[in-house]
Amino acid sequence: MKKAYLYIAISTLMFSSMEIALKMAGGAFNPIQLNLIRFFIGAVVLLPFALRALKQTGRKLVSADWRLFALTGLVCVIVSMSLYQLAITVDQASTVAVLFSCNPVFALLFSYLILRERMGRANLISVIISVIGLLIIVNPAHLTNGLGLLLAIGSAVTFGLYSIISRYGSIKRGLNGLTMTCFTFFAGAFELLILAWITKIPAIAASLKSVGLSQFSAIPILVNVNMNYFWLLFFIGVCVTGGGFAFYFLAMEQTDVSTASLVFFIKPGLAPILAALILHEQILWTTIVGIVVILIGSVVTFVGNRFRERGNTIGQTAAESVKAAEDADTEATHAAHAVSNQEN
């Protein structure tokens, strides 16, 4: 159990420093280029774990699996993470971190709308509290950076959608979360590479510039990928993207899902503190109030999940006890019949 909490602590630190590292790298790399690089490196880091999981189950990837990875890669890496990276370039890392941390709220809504899963009372209360926290941070009456907020919320919404697609696909295809994540990263990075090549076509590059989308015009691939930025790319790709997810899934193996999810409940509080210390970002009082409200919503979700898992465990134990008693009665009946037959 101590090992599980160590994994949670490392994963939390990695995920909470993600926006800071990406903000620091923003001046040297195109946002889409950085997205491509970090998810490719992250996929390489996760690959040994994914291959081990496939080997343990005797599973081989087929074309249907790759079609699923292409879809999850599109939604996660190309759409959600591109919006996320763009949000970091135009807004504070602390604000983006808090808004993106609300993606489980949208995942709950999508699970209800798409999968028709019942939303428990604790989850419903958590959604309402988290939405209130979002509104406090966004402060619609006094918007100062509407674009950054829109990009961050769009990233959280689409990541919530990705979470549901990934969960549904992993159950249907019989793949664990780590394997899904690894090959989603590979597929998304490959799709981004193709898009980057397409933007280099002169006619397309000129068209994108003419409509004010110069960041998407002739997207560089290996520019500034050199020893000067080695440690920054290493931290973003290996530690944050690959290591963060690896330690999260290792924690999940050592404990239960709700305990491992502490990573995402702590992040909204820790990330702004790190951003203030490292990037010297000023945190508005409305943001602080919103963070507290969102953390309360996270606590409600965590406690609700713990009670539900405990109830499921008790129910399973009771069912096993009843089955054991029934089996004992059956064996006793068979023994009585056997004795009766011998006497006859």
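Which backbone oxygen does the side chain of Thr12 reach? I started there, keeping in mind that this is a predicted model.

**Thr12**

I looked up the side chain of Thr12 and found that it reaches the backbone oxygen of Ile8, at 2.6 Å. Thr12 is in helix H1, which covers residues 2–16. Next I checked accessibility: Thr12 comes out at 4% relative accessibility, so I have it down as buried, the cut-off being under 20%.

**H5 and H13**

Helix H13 spans residues 262–278, and I looked at how helix H5 (residues 93–100) packs with H13. The angle is about 175 degrees, and the axes are 8 Å apart. I therefore noted H5 as roughly antiparallel to H13. On the H5 side I listed Ser94, Ala97 and Val98, which meet Lys267, Pro268, Ala271, Pro272 and Ala275 in H13. Sorting the residues of this contact gave me six nonpolar, one polar and one charged.

**H2 and H4**

My last pair was helix H2 (residues 18–25) with helix H4 (residues 63–90). Their axes lie 9 Å apart, and I read off a packing angle of about 70 degrees. That makes H2 roughly perpendicular to H4, because angles of 65 to 115 degrees count that way. I also logged the handedness: H2 passes H4 in a right-handed crossing. From H2, the residues Met18, Glu19, Leu22 and Lys23 meet Tyr84, Gln85, Ile88 and Thr89 of H4.

Conventions
Residues are numbered from 1 along each chain as its sequence is written. This is a predicted model: local features need pLDDT of at least 70, side-chain atom pairs count only at pLDDT 80 or more; totals for chains, interfaces and linings use all residues. Side-chain values use heavy atoms; hydrogens and water are left out. Axes are lines fitted to C-alpha atoms, for helices over the stretch in contact, and angles run from 0 to 180 degrees between N-to-C directions. Helices (H or I, at least four residues) and strands (E, at least two) are DSSP runs, numbered from the N terminus. Angles under 35 degrees count as roughly parallel, over 145 as roughly antiparallel, 65 to 115 as roughly perpendicular and the rest as oblique. A crossing is left-handed if the near helix is turned anticlockwise from the far one by less than a right angle, and right-handed if clockwise. Contact means heavy atoms within 4.5 Å. Buried means under 20% relative accessible area, exposed over 50%, partly exposed in between (1.4 Å probe, protein chains only). A polar contact is a pair of N or O atoms within 3.5 Å; within protein, one must be able to donate a hydrogen and the other to accept it, and residues adjacent in sequence count only if both atoms are side-chain atoms. Ala, Val, Leu, Ile, Met, Phe, Trp, Tyr, Cys and Pro count as nonpolar, Asp, Glu, Lys and Arg as charged, and the others, Gly among them, as polar.
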